[in-house]
Amino acid sequence: MGEGETPDTEWVTAMATIEPTGLTAFPAAPFTVDDLFKFPDDENRYELFNGSLVVSPAPTPRHQRVITRLAVILQAAAPPELECLTTVNVSPSNEDLYIPDLVVVPEEVSEAVDLIYAPSDLLLAVEVVSPSSKSHDRATKVAAYADAGIPLYWRIEPMEGPTVYIYELDGRTYAGPTVHKAGTMVTLSSPFPVSFDPADLLRLRGWNP
């Protein structure tokens, strides 16, 4: 078990079904992807894991800062045929729907996608851990993204400096994670060459070294 990870049993108990309000006829559990489109547009994030519903609140300013900083870094380094997008729908089955904080996908794939990406479309999925999502980001999504065949998963822990945990697919499970802490330059080759200090993900725009 790598640094900062939780036992595999935690993600099973964490997948409680949460019923959103505002529906006149609430679908019965287990839920499907079709059911999600009947839920209210209340700015919560609704995801499915094997038919179990996970509801997350809108991200905090710190959470959004990390996502925005990373998107800028990745987009500047990405080759022209790839793009970085945030909070897209990814579904491997009718009982599973994930909404990563950030993904890297080919632009030509995005041109053909109307609403939902297949896991095979993704080169990278990124989650920024928050207090409401830590059990899922550290365990549930590690297992789910690996099983779906997403080749690369980055977990970012803002409260650790921040620290970046990188998981690479090895068969049907992820190897690692390798750990990159704030204050050291990270140089990566996948999904494309990029270098950055994890500390940059939380620095204010007016910061001067």
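**Exercise 1. How many bridges join strand 8 to strand 9, and do the two strands run parallel or antiparallel?**

*Before you start.* You are working with a predicted model, in which local features need pLDDT of at least 70, side-chain atom pairs count only at pLDDT 80 or more, and totals for chains, interfaces and linings use all residues. Residues are numbered from 1 along each chain as its sequence is written, and side-chain values use heavy atoms, with hydrogens and water left out.

*Solution.* 
- Step 1: Find the elements. Helices (H or I, at least four residues) and strands (E, at least two) are DSSP runs, numbered from the N terminus. Strand 8 covers residues 124-128, and strand 9 covers residues 152-157.
- Step 2: Apply the pairing rule, which asks for at least two bridges found by DSSP between two strands. Strands 8 and 9 are joined by four bridges and run parallel.
- Step 3: Pick out one pair. E127 has R155 as its bridge partner in strand 9.
- Step 4: Look at another neighbour. Strand 6 (residues 102-106) is joined to strand 8 by three bridges, and these two run antiparallel. Here L102 has V126 as its partner in strand 8.

**Exercise 2. Work out which way the residues of strand 8 point, and whether they are buried or exposed.**

*Solution.* 
- Step 1: Buried means under 20% relative accessible area, exposed over 50%, and partly exposed in between (1.4 Å probe, protein chains only).
- Step 2: Sort the side chains. L124, V126 and V128 point one way, while A125 and E127 point the other way.
- Step 3: Check the cover. Five of the five residues of strand 8 are buried.

**Exercise 3. Describe helix 5, which lies between strands 8 and 9 in a β-α-β unit.**

*Solution.* 
- Step 1: Strand 8, helix 5 and strand 9 make a right-handed unit: with the strands pointing away from the viewer, the path from the first strand over the helix to the second runs clockwise.
- Step 2: Helix 5 bends by about 45° at T140.
- Step 3: Judge the surroundings. Helix 5 is largely enclosed by the rest of the structure, because eleven of its 15 residues are buried. Among them are H136, T140, K141 and Y145.
- Step 4: See what follows. After helix 5 comes G149, with a positive phi near 85°.

**Exercise 4. Which residues are linked with E47 in a network of salt bridges?**

*Solution.* 
- Step 1: Recall the rule: a side-chain nitrogen of Lys or Arg within 4 Å of a carboxyl oxygen of Asp or Glu. The whole structure holds nine salt bridges.
- Step 2: Start with E47 and K141, whose side chains meet at 2.8 Å, N to O. This pair links distant parts of the chain, from strand 1 (residues 45-49) to helix 5 (residues 134-148), 94 residues apart.
- Step 3: Complete the network. E47, E127 and K141 are linked.
- Step 4: Check burial. E47 counts as buried because its relative accessibility is 3%, and K141 is buried too, at 2%.
- Step 5: Compare with another bridge. D197 and R203 meet at 4.0 Å, N to O. D197 is buried, at 10%, whereas R203 is partly exposed, at 23%.

Conventions:
The bend at a residue is the angle between axes fitted to the seven residues ending there and the seven starting there.
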